[in-house]
Amino acid sequence: MTTYRKQEIFLLVDSMYKQIGMSKFPVSIKFLNLFFSRFYNIKYVKYSDLMRSTGKDFNSICKMLKTQDARMIYDSSENIYYIYYNDFMPKPRCRWNIVHELAHLYLGHAIIELNAINLGLRTTKKQQEDFEAEANFFAKCCLAPYAVVIGLACYHGQIHNEGFYTILRVFLGLSKESSFYIATNLSKLKKFGLTSKDFMPYLTYLKEKLELFPKGSLDNNSILRYKYEFYNTEYAIAHSSGAPQHNSWEFVSVEEILSVLRSEYEVSWSKSFIA
């Protein structure tokens, strides 16, 4: 996936939150559906409900849908997109999987697939790989907006692996695995490339969190807990052959990062963070 496409998806997510008019994290699917329901007819179906209605066991459902995560299927007779998802997974993973499927819809992948089928064609392996990479990047931007993660991490002075991981787990409700991959990639950035306008879609959320969690509220005990969890997750991933892989942000510009809330809050930004 090109840097241009990443920036395009990055801006699409910002635009989505601007149109919704507010932001809440961890994001709920019900909340996101306020936006997606404007354009698509979507129904969400749990694997557990599908098992009851069909009388099939879990393995049969996974085999039928060809995935243990989630699958979107379009019903042309009703003009409905059905998103089937494995509700036996932890909630953060369910959320990621559903948003991943919504990304395929919003980014146009589903239409490309349908057009190919109607023409008796198949999308190439390269196209499929690009679609998956783009859907993962969309899910990452949607569930953990770059400006929100960087803003909270800088405000609380958590610009390191364990700090980013703590922010992602505490405030954004991501899974251990997703938090680990995003945190380790963010810690590699030399510049954050943000300006005040990048925080605009998330001002309401940031104001609320800075009021509820002022500087110093992430005490040593809470940080220590997630520090250990970070290294336990790192160990688990290193010894797991089936660990999910996510793309790094790789979104860096030459602009220096500005304060999160400009005049509303006075935020101290260490130059070491943006050097």
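Reader: Which residue of β3 is the bridge partner of Met72?

Author: The bridge partner of Met72 in β3 is Ile83. This is a predicted model, in which local features need pLDDT of at least 70 and side-chain atom pairs count only at pLDDT 80 or more, whereas totals for chains, interfaces and linings use all residues. Residues are numbered from 1 along each chain as its sequence is written, and side-chain values use heavy atoms, with hydrogens and water left out.

Reader: What makes β2 and β3 a pair of strands?

Author: Two strands pair if DSSP finds at least two bridges between them. β2 and β3 are joined by 6 bridges in the antiparallel sense, and they therefore meet that criterion. They form a hairpin with 4 residues between them, and Asn79 in the turn has a positive phi of about 55°. The strands themselves are DSSP runs (E, at least two residues), as are the helices (H or I, at least four), both numbered from the N terminus. The chain holds 13 helices and 3 strands.

Reader: Why are β1 and β2 called edge strands?

Author: The order of the open sheet of 3 strands is β1-β3-β2, with mixed pairing. β1 (42-46) and β2 (70-75) each pair on one side only, which places them at the edges. From one strand to the next the twist averages 20°. Helix α3 (residues 47-54) packs on this sheet and touches β1, β2 and β3, and its direction makes about 75° with that of β1. Such angles run from 0 to 180 degrees between N-to-C directions, with axes as lines fitted to C-alpha atoms, for helices over the stretch in contact.

Reader: What makes β3 mostly covered?

Author: A residue is buried under 20% relative accessible area, exposed over 50%, and partly exposed in between (1.4 Å probe, protein chains only). In β3, 6 of its 6 residues are buried. Ile80, Tyr82 and Tyr84 lie on one side and Tyr81, Ile83 and Tyr85 on the other, and both faces are covered. For the chain of 275 residues, buried residues make up 50%.

Reader: Why does Ser23 count as buried?

Author: Ser23 has 5% relative accessibility, and therefore counts as buried. Ser23 lies in the loop between α1 and α2 (29-36). Leaving aside neighbours within four places in sequence, Ser23 is in contact (heavy atoms within 4.5 Å) with Tyr17, Phe31, Pro201, Tyr202 and Tyr205.

Reader: How do you know whether Leu210 is buried or exposed?

Author: Leu210 has 4% relative accessibility, so it counts as buried. Leu210 is found in helix α11 (residues 203-212).

Reader: What makes a set of residues a nonpolar core, and which residues have the most contacts inside the largest one?

Author: A nonpolar core is a set of buried Ala, Val, Leu, Ile, Met, Phe, Trp, Tyr and Cys residues joined through side-chain atoms within 4.5 Å. The largest such core has 73 residues, and Met16, Tyr17, Leu32, Phe36, Phe138 and Leu172 have the most contacts inside it. Helix α8 (residues 146-155) gives this core its largest share, 9 residues. A second, separate core of 10 residues includes Val45, Tyr47, Ile61 and Leu65.

Reader: What makes a space a cavity or a pocket?

Author: On a 1 Å grid over the protein atoms alone, a cavity is a set of points where a 1.4 Å probe fits but cannot get out, whereas a pocket is an open set with protein on both sides within 12 Å along at least five of seven lines; a lining residue has an atom within 4 Å of a point. Grid points are joined across faces, edges and corners, and a volume is the space filled by probe spheres set on the points. The structure holds 1 cavity of 30 Å³ or more, and the largest cavity contains about 50 Å³ of space. Among its 10 lining residues, Phe10, Asp14, Pro145, Tyr146 and Tyr202 lie nearest its centre. The largest pocket has a volume of about 1100 Å³. It is lined by 36 residues, of which Ala70, Arg71, Glu101, His104 and Glu132 are the closest to its centre. α5 gives the most to the lining of this pocket, with 7 residues.
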